[in-house]
Amino acid sequence: MSSPLLKIENLRVYYYSLRGIVKAVDNVSLEVNRGEVLGLAGESGCGKSTLGYSLLRLVPPPGRIIGGRILFDGNNILEWPEEKIRREYRWKKVSMIFQGAMNVLNPVKTVGDQIAEIFLVHLPDKFTKKEALEKAKELLEMVGIDPRRVKNYPHEFSGGMKQRVVIAMALALNPDLVIADEPTTALDVVVQAQIINLLKKLKKERNMSIILISHDLSLIAEMSDKVAIMYAGKIVEYGISDYVYNNPLHPYTQGLIRSIPRLKGPKELVWIPGQPPDLRTPPAGCRFHPRCSHATDLCRKEEPPMIEVEPNHSVACWLYAKK
Amino acid sequence: MPRKRKYDREHIAELAEKTLKELKAPDDVVLVSLHLKKYFPLRRTLTEILTGRRRIVKAVDDVTFYVREGEIFCVAGESGCGKTTLGRTLIGLLDITAGYVLYKPRKEIADALMELGFEPVYKNFFLMNEVYENKKGFKLMRKEMQIIFQDPYGSLDPRHTIQSILAEPLVVHNIGTPEERLERVKRALEDVKLIPPEDFINRYPHQLSGGQRQRIVVARALMLNPRFVVADEPVSMLDVSIRAEILNLMLELKKKYGLTYLFITHDLALARLICDRIAIMYLGRIVELGPTDEIIENPQHPYTKALRAAILEPEPQNRFKFREVPIKGEVPSAVYIPPGCRFHPRCLSVMKICTTEQPTMVEVSPGHYVECWLFRKQS
């Protein structure tokens, strides 16, 4: 296969808050190939949303990208001027489905107008208002909504349908990569299944790449080809889905997978004791060590590097370092 | 004893007797819901005022079941099905529109109720409708019935210390001196494993993590030593890796204090881990009810089957196929409930009768009930 569509190298994104520097993304390296789904899994506060925003250079202040490279099609977009990002990159190459997306629709504009706006703003010379509205209808149909509903307002749609609208908006300019940040949170389990089927269908039809960000490992498994497990701003395990789920290496990954309630098998309550660290003062050494039953002195002092345990399966854990 | 409404006590007693017999209820029942309804009238538009019509949200629409002492009874369903409204109505936080709630309190509470002038309506069950309507009765029942809310961020007053939050129920009920209350607060913190308690009493909610806050919510619910606790999605806003810890805590406390839980959730896989029986709700009614393993492994109602099919699991092979969920469309509004079986517009097995007649509960295997025309009563 040719070079990856997206290559993140040693990315650092810190928030410079009044109460300290929050190291939200701390030396993260990942790759996404064309037509591939990368699942970014982690719990609240691990930095995964910040990572998503950084790919669009939308990190809100006081956050700043302070190190590393983001190579899209070989080009480091962190070096591009804002004007170029806006004209050529954002929404055209890479777009985003934001968390809680159904709440970001403008309540005083029709859904059609909001979708049409994308064309009028990003491609001002190519579309008239009428043409943009036609595109809006096409997009609604693509996501399974009656195109006649272009003239409805967001409040006239259910949660699931609003999410479809948001997906339509993310796909409007045919991006190569879509970042979906918790795309089904707050949706019922039946609606969630329908939205996932929609994403699978669209991905197949367009050979789209997706970065799926979620705390729900079952959702990640449902769609992802590759998985990266994030903890306290760092990637702790990374590899092909089947390898990570069937043979989880990092104690955190193991704990996460075991704590998912299943519909079959023993009825045991499994959890990871403790809680994620404050990212202003993360623990020395391996950030997971305070919660790890295998922690050694080395873990407490030195941060483990990414170790390739098998092809396409790496883990940042001293348990796997060669003696 | 001034009463707002007069209840036909004989009729209620007969209804209770008949229903419990039909449901083959055992002797250790503590709560009975008899044809319970909770409706919310919506604010009227001008047209409605003129035409005299009114839109009503039928949040709970004729629900009948019992809960046994020491049980964990699950009410499961998606948002809008009425499960939260049911939980709150059962313990008196919302007014009952129709139907009855019968409850068998422990002796000291029963004695206190009788001192207030209440009499049991059937065996040692009191009629909660009349108790809740009475200010003192309602307050008394807070010592017996409590609720754990879903949102650890929204349900704690950010301007109060943990000590103040936990002591408040004791203050309201005039229990103990300030020193005694502090002791009880410390013991409550130990109960929910926030140790040492001294580290927490002077903190504010925002200084705690989500998991710690939820422990405070649990501790607060137990301050008055209740016996019946409604847990409304107690862990759904917490990270997956700590949910089981809170549930485990709830189980330990149940054992320690002899609690009965009404566990409300949309997560069937979670319910499977700790609940004894599950009731599946859809648009205000219970459509299926039975022992947990039966419901999970052998669901009968088309809706339950669809719910089960929609549940995701951490199986990466799933990415290669589309998920088949045997259901159509979306949940309608609870204002315009479809006629006949309310699930019929979404049902893939719909028959003509489903569109016109409300199905009745049928027992398909011991203790396993379904409300669906695919199953008919053996006459």
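This is a predicted model: local features need pLDDT of at least 70, side-chain atom pairs count only at pLDDT 80 or more; totals for chains, interfaces and linings use all residues.
**Helix α8 of chain B**

Helix α8(B) runs over residues 178-191 and has 14 residues. From its first C-alpha to its last, the helix reaches 20 Å, close to the 20 Å expected at 1.5 Å a residue. Buried positions on α8(B) are B:Val185, B:Ala188 and B:Leu189. These residues lie on the same side of α8(B), because they cover an arc of only 100° around the axis. Among the elements that cover the buried residues are α7 (162-172) and α9 (210-221) of chain B. Turned away from the buried side is a face of α8(B) that carries the exposed residues B:Glu179, B:Glu180 and B:Arg187. After α8(B) comes B:Lys193, which has a positive phi, near 60°.

**Contact between the chains**

Chain A gives 39 residues to the contact, and chain B gives 34 residues. On the side of chain A that touches chain B, at least two residues come from each of the helices in the table.

| Helix of chain A | Residue range |
|---|---|
| α6(A) | residues 189-206 |
| α7(A) | residues 217-223 |
| α8(A) | residues 241-246 |
| α9(A) | residues 251-258 |

With eight residues, α6(A) supplies the largest share of the side of chain A that touches chain B. By residue class, this side of chain A divides into 19 nonpolar, twelve polar and eight charged residues.

Notes:
Residues are numbered from 1 along each chain as its sequence is written. Chains are lettered from A and ligands numbered from 1 in the order in which they are written. Helices (H or I, at least four residues) and strands (E, at least two) are DSSP runs, numbered from the N terminus. The expected span of a helix is 1.5 Å times one less than its number of residues. A residue is buried if 20 or more other C-beta atoms lie within 10 Å of its own, exposed if 12 or fewer, and partly exposed in between; C-beta atoms are placed from the backbone. The arc is that of the directions from the helix axis to the C-beta atoms. Two residues are in contact if their C-beta atoms, placed from the backbone, lie within 7 Å. Ala, Val, Leu, Ile, Met, Phe, Trp, Tyr, Cys and Pro count as nonpolar, Asp, Glu, Lys and Arg as charged, and the others, Gly among them, as polar.
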